[in-house]
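Me: I'd like to go through this one label by label and ask what stands behind each. Here is what we are looking at.

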Amino acid sequence: MRGKTDVKIGTPKEVFEGEARVAMTPDSARQLQKLGYECAIEAGAGSAAGFSDAAYKEAGVKVIKGAAPLWKAVDIIAKVRPPTETEMKRLREGQTLISFFYPAANEKLMDLAKSKGANTIAMDMVPRISRAQKMDALSSMANIAGYRAVIEAGSNFGRFFTGQVTAAGKVPPAKVLVVGAGVAGLAAIGTATSLGAITYAFDVRPEVAEQIESMGAEFVFLEFDEQQQDGAATGGYAAPSSPEFRDKQLEKFRELAPEMDIVITTALIPNRDAPVLWTKDMVEAMKPGSVIVDLAAERGGNCELTVPDEKIVTEGGVTIVGYTDFPSRMAAQSSTLYATNIRHMMTDLTPEKDGEVNHDMEDDVIRGATVTFENEITFPPPPPKIQAIAAQPKEKPKELTPEEKRAQELAAFKEATKQQVAMLAAGGVLMLVIGAYAPASFMQHFIVFALACFVGFQVIWNVSHALHTPLMAITNAISGIIVVGALLQIGSPSYLVIFLSFISVLIASINIVGGFLVTRRMLAMFQKS
């Protein structure tokens with residue numbers, strides 16, 4: 001499209017039943033216009049998400065009645081759901097389509113795009129590298145789905161999430177288990193914790209334990225010797241587990257099932273059926289009134305009893321929510337985030353901000369998301385040049401035997417002794433050299449000064465480091481020198497020297513003792529008792 005003027009980007013109304021999202025909002029349209037594009041939208045495309053045609057017109061967007069005229073009028077189509085065959089037939093040569101596409105499951109659509117000579121960019125294929133996070137539409141939608149799952153669970157749960165003590169009685173806090181700590185799982189954990197629930201979370205990837213605990217949840221640890229692959233090495237997703245690990249995992253879930261009030265399952269690997277992690281017997285073991293929200297329902301579900309797109313109640317009184325349209329249930333927020341992802345993609349496609357698409361196939365992000373380009377199918381893409389770095393397993397420090405510890409302490413003592421002897425020898429030689437040339441009156445005072453420095457240093461050095469601040473360390477060292485020097489002058493025949501020495505000892509002692517007392521009080525503020 002290089003060299004073409006007045007490039008238009010348009011968004012049709014979604015034809016998928018129940019889809020309320022829209023790929024362009026009035027705000028994102030304003031940003032696209034700053035990139036040099038003219039914007040168009042099909043009449044009524046944003047109404048389900050709360051964006052009226054009038055709002056689009058006010059943002060400078062041309063509103064076109066009917067899908068066919070829109071597809072014909074624009075050069076770039078931005079939409080949410082994968083296109084239908086009817087929509088694909090509307091594409092023309094050189095036109096660009098940006099949407100979720102799921103190419104691994106839509107070979108027929110890829111062939112149609114190739115035959116039409118259209119360029120297609122799949123928002124679900126954006127590489128999971130740092131630079132592409134602003135375009136990661138999968139994470140944007142998963143974040144909303146995780147949040148909405150907790151809200152949906154709360155609307156079907158008969159109690160508060162947080163524990164309460166009221167005049168009418170005590171209400172225990174709800175116990176929530178989140179299975180899978182990806183983007184959706186972490187969003188669910190954060191929401192459940194903020195609502196006051198006691199939250200537990202499980203994931204097969206060891207590196208997410210710290211993230212879970214930092215959000216106030218308890219990581220469900222599974223004792224198993226199998227080394228799990230780091231998520232960074234698998235595109236941020238959990239790798240398939242061995243049958244032995246799976247059996248141990250199910251055993252742990254059976255143990256937790258009777259205690260949990262709400263279970264939210266999020267385990268899903270792209271282009272794979274969802275693994276069954278919550279079996280029928282686990283559902284039967286749960287208390288009446290418990291709720292299961294299955295975010296993997298679109299691929300069969302993590303719960304054995306999940307019915308996609310439906311909410312069922314078992315004979316034991318457990319509610320199982322299998323909706324597959326959680327982002328659409330928060331259409332305004334979802335559309336805003338998705339439209340922002342599209343806008344960032346267009347920013348990368350328009351480096352000169354001149355309204356002309358530069359489809360740079362050397363760019364990792366653009367290449368990774370491109371499915372068809374110039375009459376060729378480019379899926380699957382090569383791995384990105386810059387890979388995510390998997391966390392290296394931490395080696396546990398080797399435990400020393402008692403003999404090794406004693407040998408280590410003896411070696412450290414010998415080394416410290418050598419250093420002290422060397423310093424004393426050097427100091428003695430220095431004194432002899434100075435004494436050979438300096439007058440006796442100078443040497444008398446100089447030796448007193450040197451001894452005061454040495455004693456003061458030793459006194460401060462042996463104080464516990466916990467009682468030191470940088471300022472305390474310096475002032476106490478100086479005060480120690482003052483005390484030693486003043487004590488040596490108290491025996492002077494001059495009353496003035498004795499008086500000044502006494503004052504020096506008093507003030508320096510107050511400074512040292514007072515400093516330690518204040519520091520101890522500060523440290524006590526960080527102690528539980």
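**What stands behind the labels**

Reply: The chain folds into 16 helices and 17 strands, where helices (H or I, at least four residues) and strands (E, at least two) are DSSP runs numbered from the N terminus. This is a predicted model, in which local features need pLDDT of at least 70, side-chain atom pairs count only at pLDDT 80 or more, and totals for chains, interfaces and linings use all residues. Residues are numbered from 1 along each chain as its sequence is written, and side-chain values use heavy atoms, with hydrogens and water left out.

Me: Why are H6 and H11 called roughly antiparallel?

Reply: Helix H6 (residues 137-156) and helix H11 (residues 331-349) pack at about 165°, with axes 9 Å apart. Axes are lines fitted to C-alpha atoms, for helices over the stretch in contact, and angles run from 0 to 180 degrees between N-to-C directions. Angles under 35 degrees count as roughly parallel, over 145 as roughly antiparallel, 65 to 115 as roughly perpendicular and the rest as oblique. H6 and H11 are therefore roughly antiparallel.

Me: Which residues make the contact of H6 with H11, and how do they divide by class?

Reply: From H6 come Ala137, Ser140, Met141 and Ile144, and they meet Gln333, Ser334, Leu337, Tyr338 and Asn341 of H11; contact means heavy atoms within 4.5 Å. That gives 5 nonpolar, 4 polar and no charged residues. Ala, Val, Leu, Ile, Met, Phe, Trp, Tyr, Cys and Pro count as nonpolar, Asp, Glu, Lys and Arg as charged, and the others, Gly among them, as polar.

Me: And what makes H1 roughly parallel to H11?

Reply: The axes of H1 and H11 come within 9 Å and cross at roughly 5°. That value falls in the parallel class, so H1 is roughly parallel to H11. Ser28, Gln31 and Leu32 of H1 meet Ala339, Arg343 and Met346 of H11, which splits into 3 nonpolar, 2 polar and 1 charged.

Me: H6 also packs on H7. What are the angle and the axis distance there?

Reply: About 40°, with the axes of H6 and helix H7 (residues 183-194) 7 Å apart. On the H6 side the contact includes Ser139, Ala142, Gly146 and Tyr147, and on the H7 side Val183, Ala184, Ala187 and Ala188 are among the residues. By class, this contact has 9 nonpolar, 4 polar and no charged residues.

Me: What makes a residue such as Thr199 buried?

Reply: Buried means under 20% relative accessible area, exposed over 50%, and partly exposed in between (1.4 Å probe, protein chains only). Thr199 has 3% relative accessibility, so Thr199 counts as buried. Thr199 sits in strand S10 (residues 198-202), and its contacts beyond four places in sequence are Val176, Val178, Ile189, Ala192, Thr193, Ala217 and Glu218. Across the chain of 529 residues, 41% are buried.

Me: How do you know whether Asp75 is buried or exposed?

Reply: By its relative accessible area of 7%, so Asp75 is buried. Asp75 lies in the loop between helix H3 (67-73) and S4. Asp75 and Gly10 are 65 residues apart in sequence, yet their C-alpha atoms are 7.8 Å apart in space.

Me: What makes a set of residues a nonpolar core?

Reply: A nonpolar core is a set of buried Ala, Val, Leu, Ile, Met, Phe, Trp, Tyr and Cys residues joined through side-chain atoms within 4.5 Å. The largest one here has 42 residues, and Ile9, Tyr338 and Met346 have the most contacts inside it. H11 gives the largest share of this core, 6 residues. Met346 touches Ile9, Leu32, Leu35, Tyr37, Ile76, Ile98 and Val357, leaving aside residues up to four places away in sequence. Apart from that core lies another, of 31 residues, including Ala149 and Val293.

Me: Why are Lys353 and Glu374 called exposed?

Reply: Lys353 has a relative accessible area of 55%, so Lys353 is exposed. Glu374 has 54%, so Glu374 is exposed too. Phi of Lys353 is near 55°, and phi of Glu374 is about 50°. Most residues other than glycine have a negative phi.

Me: And what kind of peptide bond runs from Phe379 to Pro380?

Reply: A cis one, with omega near 0°. Pro380 is in the loop between strand S17 (376-377) and helix H13 (402-437).
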